[in-house]
Every structure is written in structure tokens, then in C-alpha cells.
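Q: I would like to learn how to read salt bridges and a helix from a set of coordinates. Can we work through one case together?

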Amino acid sequence: MSMTVQPQPDRPDPTVIAAQNDAFRKLACLGVPPAQPIQGRMHVTRSLMEAGDGFMAEAVKATGAFDTFEPENDPEGWHDFGAVEIRGETVFWKIDLYEADSDFRYGAETPDNPATTMRVLTIMLARDW
């Protein structure tokens, strides 16, 4: 199933944001360099770090490879949230967009501009939510 989101004049193009979020996630999780520079950080929760036996590495890799976006899990079309199953445990990932120079205090004013947007990818066990 695929979804087409129509850009609105007063809102950024969701396909641009989705492509940037996908590129950042692949860079952070799989080491795949993006075509254009994208600013961001990746964080994992303590419980994910403490899961042991390579669990965190599997979760990070699965997050980077995620591509099952549907209207139910991606209603805005931004590719900013997903859930993966690792050894029977649900792992969530979320990308938040901030103004690059705001110390993570303000949401991105132009989220489709990678020069002014800082992405934060958080990976966590679903039970941490």
C-alpha cells in the first residue's frame, strides 16, 4: 500500500522531510552517507543499552532498514516514527525536528531545510514509552 500526501501552501512538503528523515536514519543506523549533509543525533534508552547480547545493535540495524510506512503508522508522511520487532520485543524509534541553534528547545521552523534543522533519532523499547 502506498500513500500520496499533497503538499499544502503553508506547510512544508512531506516528501522532502520523509526523504531527509530516511537519509538521516540510514546514516545514523547503517552508516550510509546521505547525498547532502544532514545534522542530527541518535539516542538510545538505558533499557535498550542494558538489553545485552547484541540486542541494541539489532534494534539499531532494524531501525535503519525500516521501510514499512503506511497511512496508519505515518499519517503526516514524514517517516518520523516506526516500530520493529526484535526477538519478540517491540522497539520504537522516533525522529524529532528542532531548530539547529536552539539547544533542542524549539521545533524546526522550516523542517524541510536541512541547514536549519537538527534531527534527533530516539530508539527505545516500547515498554519505555
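Q: Is R87 buried, partly exposed or exposed, and what is its relative accessible area?
A: The model is a predicted one. The class follows from the relative accessible area: under 20% is buried, over 50% is exposed, and anything in between is partly exposed. R87 has a value of 48%, so the residue is partly exposed.

Q: Which residue does the side chain of R87 meet in a salt bridge?
A: The test is a side-chain nitrogen of Lys or Arg within 4 Å of a carboxyl oxygen of Asp or Glu. R87 and D53 pass, with N to O at 3.6 Å. R87 sits in the loop between β2 and β3 (89-99), and D53 in the loop between α2 (46-49) and α3, so the bridge ties together parts that are 34 residues apart in sequence. D53 is exposed, because its relative accessibility is 68%. Through shared partners, salt bridges join D53, E58 and R87 into one network.

Q: How many salt bridges does the rule give?
A: The count is eight. One of them pairs R11 with E76, at 3.0 Å from N to O. This pair links distant parts of the chain: R11 belongs to the segment before α1 (14-30), E76 to the loop between α3 (55-65) and β2 (81-86), and 65 residues separate them. R11 counts as partly exposed because its relative accessibility is 40%, and E76 falls in that class with 42%. Another salt bridge joins E50 and R46, whose closest N and O atoms are 3.9 Å apart. Both E50 and R46 are exposed.

Q: What span should α1 have, and how far apart are its end C-alpha atoms?
A: The expected span is 1.5 Å times one less than the number of residues. α1 has 17 residues and should therefore span 24 Å; its end C-alpha atoms are 23 Å apart, which agrees.

Q: Which residues of α1 are buried?
A: The general idea is that an α-helix has 3.6 residues a turn, so residues three or four places apart point the same way. In α1 the buried residues are P14, I17, A18, Q20, N21, D22, F24, R25 and C29.

Q: What do the buried residues of α1 pack against?
A: Their partners are β1 (39-44), α3, β3 and β4 (117-125).

Q: Which residue takes a positive phi just after α1?
A: That is G31, with a phi of about 75 degrees.

Notes. Residues numbered from 1 in each chain as written. Predicted model: local features only at pLDDT ≥ 70, side-chain atom pairs only at ≥ 80, totals over all residues. Heavy atoms only, no water. Helix = DSSP H or I, 4+ residues; strand = E, 2+ residues; numbered from the N terminus. Buried < 20%, exposed > 50% of the residue type's maximum accessible area, 1.4 Å probe, protein only. Contact = heavy atoms within 4.5 Å.
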